[in-house]
Amino acid sequence: MRNFDMLVKLYELPLNHTINPELEAEHIRIHRPLASDKEKISTFIRDNFSDIWANEFEKAIFQNPVSCFVAVKESQEIIGFSCYNASFTNFFGPIGVLDT
């Protein structure tokens, strides 16, 4: 059996960027959060996904560079998140997006 790994090189992405023009048209911004955003994002993850994922996010936000991203609507409403290198080096996840 062959082992297939999916490598995603996230650590070289700029701090703020537009990933997709369609997202920009929907007023959705994807960015690395600041430490001051920790409580709001942790609460979002606990309320919509799980405590374990929130714990992993809390580790990822204090990595250097921050090893997570959040998707935010123009009203500052969090609609999704993703982390990498949270529990293990070279692991992608957790990731969660609200159904809309």
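Predicted model: local features only at pLDDT ≥ 70, side-chain atom pairs only at ≥ 80, totals over all residues.
Exposed here stands for over 50% relative accessible area, buried for under 20%, and partly exposed for what falls in between, with a 1.4 Å probe and protein chains only. Helices are DSSP runs of H or I with at least four residues, strands are runs of E with at least two, and both are numbered from the N terminus.

Residues are numbered from 1 along each chain as its sequence is written, and side-chain values use heavy atoms, with hydrogens and water left out.

Let me give the overall layout. The chain has three helices and five strands, and from the N terminus on these run β-α-β-α-α-β-β-β. Of the 100 residues in the chain, 34% are buried. Taking contacts between residues at least 6 apart in sequence, 48% join residues at least 24 apart; a contact means heavy atoms within 4.5 Å. The chain exposes about 7,100 Å², and carbon and sulfur atoms supply 54% of that area. Accessible areas come from the Shrake-Rupley method with a 1.4 Å probe, and for residues only the protein chains shown count as cover.

I return now to helix 2. Which of its residues are buried? They are Ile41, Ser42, Phe44 and Ile45. Seen down the axis of helix 2, the buried residues fall within an arc of 160 degrees, so they line one face of the helix. The arc is taken over the directions from the helix axis to the C-beta atoms. In general, an α-helix has 3.6 residues a turn, so residues three or four places apart point the same way. The cover over the buried residues of helix 2 includes helix 3 (51-60), strand 3 (68-73) and strand 4 (78-84).

Next, the charged side chains. How many salt bridges does a search of the whole structure find? It finds three, a salt bridge being a side-chain nitrogen of Lys or Arg within 4 Å of a carboxyl oxygen of Asp or Glu. One of them joins Glu39 and Lys38, at 4.0 Å from N to O. Glu39 counts as exposed because its relative accessibility is 53%, whereas Lys38 is partly exposed at 21%.

Arg46 takes part in a network of salt bridges with Asp51 and Glu58. The closest N and O atoms are 3.4 Å apart for Asp51 and Arg46, and 3.0 Å apart for Glu58 and Arg46. Glu58 lies in helix 3 and Arg46 in helix 2, so this pair ties together parts that are 12 residues apart in sequence. In terms of accessibility, Arg46 is partly exposed at 31%, Asp51 is partly exposed at 47%, and Glu58 is partly exposed at 22%.

Is Arg32 buried or exposed? Arg32 is buried, because its relative accessible area is 7%. Its place is the loop between strand 2 (28-31) and helix 2 (38-48). A polar atom of the Arg32 side chain lies 2.4 Å from the backbone oxygen of Val66, and a polar contact of 3.2 Å joins the side chains of Arg32 and Tyr84. A polar contact is a pair of N or O atoms within 3.5 Å; within protein, one must be able to donate a hydrogen and the other to accept it, and residues adjacent in sequence count only if both atoms are side-chain atoms.

Some backbone features deserve mention. The peptide bond from Asn64 to Pro65 is cis, with omega near 0 degrees, and Pro65 lies in the loop between helix 3 and strand 3. Gly93 and Pro94 are also joined by a cis peptide bond, with omega about 5 degrees; Pro94 lies in strand 5. Asn85 is not a glycine, yet has a positive phi of about 55 degrees. Asn90, likewise a residue other than glycine, has a positive phi near 70 degrees. Asn85 is in the loop between strand 4 and strand 5, and Asn90 is placed in the loop between strand 4 and strand 5. Asn85 counts as partly exposed at 25% relative accessibility, while Asn90 is exposed at 71%.
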